[in-house]
Structure formats: structure tokens, C-alpha cells
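Here's a quick walk through one structure, covering its sheets, a helix pair and its pockets. Have the viewer open and follow along.

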Amino acid sequence: MEAKGLRQLLFQLLLAAFSVFSSSDYGNAGLTSTFIRSEWPSLDIPLDHEAFAIPEGYNTPQQVHITQGDYDGKAVIISWVTADEPGPSKVQYGTSNKRYEFSAVGSVTNYTFYSYKSGFIHHCLVDGLEYDTDYYYKIESGATAREFWFRTPPKIDPDVSYKFGIIGDLGQTFNSLSTIEHYMQSKAQAVLFLGDLSYADRYQYNDVGIRWDTWGRFVEKVTAYQPWIWTAGNHEIEYMPYMGESVPFKSFLQRYPTPHLACKSSNPLWYAIRRASAHIIVLSSYSSFVKYTPQWLWLRDELKRVDREKTPWLIILMHVPMYNSNEAHFMEGESMRAAFERWFVRHKVDLIFSGHVHAYERSYRISNIHYNITSGERYPVPDKSAPVYITVGDGGNQEGLAGRFRDPQPEYSAFREASYGHSTLDIKNRTHAIYHWNRNDDGKNVPTDSVIIKNQYW
């Protein structure tokens, strides 16, 4: 038997064995874990901590991060900040370490928030890349330069494997640091980030901008090397009229670009990408989404563009969960559920990831689309065409854990626990993926909830 055939056989045997103990289908009794633990107090790391260290040298590029720069994964947007002067907004790159055959020039901007004045924020689109290739890049500013690398995704194909990390509500506490360190052991290739980045809005006046800068340096050891797919949360709104700041998402939109134009979106807060065998749609819980609004119209059209023959895995990201049995933020996602759930069932969405609630919860496949105010079933029911809903709002921010789940546990809820952690989605082929939620516990990466996800289309 050829090596490839043997690997496929072994994988099928693994799936069969694993499926005996885990399933995303409705029917098994739900579990509420009694494990509730805060490894460290929910306090932000002090400003002078090494996790926020400023790179040495005058005007040295810092807060480096990348995200996908197009619809199909052959481009990245590289962003960074120079603190003292603009410097060149140029990226040199190539496929060999320290041999930079190509270059791209981007743009530079800055902004004020109250009396805080940001550094010079650079965004550079690097496109025309080859799939499944290591790229090395260098950012220079005067006499200083910094070098990084990333790997492009494989060519879009229904059977290509790819591993995503899922993180939400991260913040910048020691618990956040634990989550980042555990995630870095996962061997995931890109992060689906579910909103609430820095929690800078927990501060006032100039400290808001300062805490955006510390967060950018805090996550750079990951974000400079692999793309993070951004979702905006409530802590990105920063509506602070008492400080003269009333433009929503001002800091976020200045610092964290998205490839919205590539998917015909009119707003960077909602967009879509295709990566490997997945079609990923990002929605904005805090932008208008009722009928005929721009986000509603765009989502209707984007769902029609999905080709499950090419990208069989259909994944949606949003900040506020549509199904949540925690007392925290209970039913806040009900309006978006009423607007979009029928579409998600009709199009057989595989997974919907959310944050917002500072705990973890996974549902069975259920829907509540049969009630029309005057008649019909009024409660969630098993539905094989429905998504699995997963809340991963447990990154570690300073607001702490949401430890009060509603009792009794609803029948649609498969597993829930109030602990810090992150998730991974390891797509194996067009039919199966292995999902893990990993609790941060005693300095170890503990896979606490594991399940085989069967593709809805195939």
C-alpha cells in the first residue's frame, strides 16, 4: 500500500475510534464542568513588564502584525508602528532568509485620541504571493531593521488540511500571556480572533492609546509571523463623548486593517476570506444588520458566493454569541439570531465562533427558526442542517471569568466551563475536522473538550 493510502486508512480508523467518544450531533447529555480557576488575578500587566518591551533603537518598527490581504490567500497586509517619525513605509521580502528579492510600498497614517497622539501607523499590501511558501520580510527605519517570516496557505482545495487557532477577548493580563504561550505550542497556522483585543477602553484619557501600544507589542511574537483574522467587539467601540471621542471603532480601524474591498464589502468591520479549504465570513455585532442595511445586503450576497465544491468548510465569526447559557450577556445575540439564523441553516454553515462571554461553551447542532410570533415551535430543536455554536471568550482579559451559568443546562448545550483558554480547528479534509478547546491549567496545554466535526455539505 502506498504511503498516502496508508495515511488515509490510519486517519479513517482514528476518526472511527474518536467518534465513539465524541460527537457534535444532538443527543448526548450536556456537561457543565465544575472546574473554575483563575491562575492569576485579572489585572493588566504593569507597563514596565518585559512583555511590553519597546525594541531597541531610534524609531525601530514595533507592533508588527499581519492579516490576509485578499480574498484567496495570496496576499498579506503587513502593519507596524514607528514611534518617532514616519520613516519609509516599505517592506522587503523574498523566499530565502536574508535575501529580499522584492519590495512593496504601503501607506502611513496617525491619529489622536483625546490628547494622545499615536505613532506612525504603516500598512503595506504584499500581493502576488505563491501558495504554501515561506516568505521572509524586513522592515527598515533609518539605521534599524527588523526581520520576520510567514507562510502562505496552501492553494484552495476541498481536501487540503489546515489548522486554525481561535482566540477571543484576550486583553493584556498574565492570564492573557498564558493563553498566548499555550497557543504558540499548538502548531496552528492562523488565528481566527473573535473580538475584544486590548481592552484599552477600560482606561481613560491618554492611557487608552498607551494600552493599544502595549497590546500591539504584547502579541507581536505571534502576529508578526502568522495572520490574525480580526473581528471587532464591544471593547473596540470606544464611544467616550466625555473625552470628546465619539467616532466608533476609531483606534481599531486605524490600527487593524481587513481585506474588505476584496470581497465587495463596504465596511472593514464585515468581510470574508477563503483560506485553504475554508470560507470564513466575519460579521460585526455592533453595526446595523437588519433587513436592507449594508451588512445584511452584503451577507446575503456573500453566502451566494460560497462554493462548497472548492471550500467545503463554511465558518462564521461574530463577537456576540447567538446561543449562550451564561448569565453574562444572556440573549444579547438574539437580534442577530432572528436576522440571520435561517440563512445559516439554509446554507448549512458548519461552525459559528463567538467571544464576548468570558467562558467557554459548545452547542449541539440546533436551530430555532420555526417560531413566527403567532405559531410554530418556540424552543431550539435538533437540526442536522444547523451550525455548531462555540463561544471562546476566555482569552484572559482584566474583567475576569463569567462563572455563573444558567441552571438547568439547556438541552442544546453540549459542554461549558468558566476557565481561560483557546481553541484549535484542525481541518483534515472535506468531510472531517478535529476541534479542541484547550484550558490554561498549571502551565500546561490541556485539551479539555474535543470533538469530531463532520462537514455539513459533504
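## The sheet with strands 4 and 10

Strand 4 (residues 90–94) and strand 10 (residues 134–141) run antiparallel and are joined by 4 bridges. Within that pairing, Tyr93 sits opposite Tyr137 of strand 10. Keep in mind that this is a predicted model.

Zoom out a bit and you'll see that the two strands belong to an open sheet of 4 strands, ordered 5-4-10-11, with antiparallel pairing. Strand 5 (102–105) and strand 11 (144–151) are the edges, each pairing on one side only. On average, neighbouring strands here are turned by 25° against each other, direction ignored.

Now look at how strand 2 meets strand 3 (residues 76–82): they pair in the antiparallel sense over 5 bridges. Gln68 stands opposite Val76 of strand 3.

## Helix 2 against helix 3

Next up, a helix pair. Helix 2 (residues 174–183) packs on helix 3 (residues 206–223) at an angle of about 10°, and their axes are 10 Å apart. Angles under 35 degrees count as roughly parallel, so helix 2 is roughly parallel to helix 3.

Who touches whom? On the helix 2 side you've got Ser176, Leu177, Ile180, Glu181 and Tyr183, which meet Phe218, Val219, Lys221 and Val222 of helix 3. Sorted by class, this contact has 6 nonpolar, 1 polar and 2 charged residues.

The largest pocket holds about 520 Å³ of space. It is lined by 22 residues, and the closest to its centre are Tyr323, Phe330, Asn368, Pro380 and Tyr412. By class, the lining splits into 11 nonpolar, 5 polar and 6 charged residues.

The second largest pocket comes in at about 360 Å³. Of its 20 lining residues, Trp149, Ala188, Gln189, Tyr225 and Gln226 are the closest to the centre. Strand 11, an edge strand of its sheet, gives the most, with 3 residues. The class count for this second lining is 11 nonpolar, 5 polar and 4 charged residues.

Key: Residues numbered from 1 in each chain as written. Predicted model: local features only at pLDDT ≥ 70, side-chain atom pairs only at ≥ 80, totals over all residues. Heavy atoms only, no water. Pairing = 2+ DSSP bridges. Axes fitted to C-alpha atoms, helices over the stretch in contact; angles between N-to-C directions. Parallel < 35°, antiparallel > 145°, perpendicular 65-115°, else oblique. Contact = heavy atoms within 4.5 Å. Nonpolar A, V, L, I, M, F, W, Y, C, P; charged D, E, K, R; others polar. 1 Å grid on protein atoms, 1.4 Å probe; cavity = no way out; pocket = protein on both sides within 12 Å on 5 of 7 lines; lining within 4 Å. Points joined across faces, edges and corners; volume = space filled by probe spheres on them.
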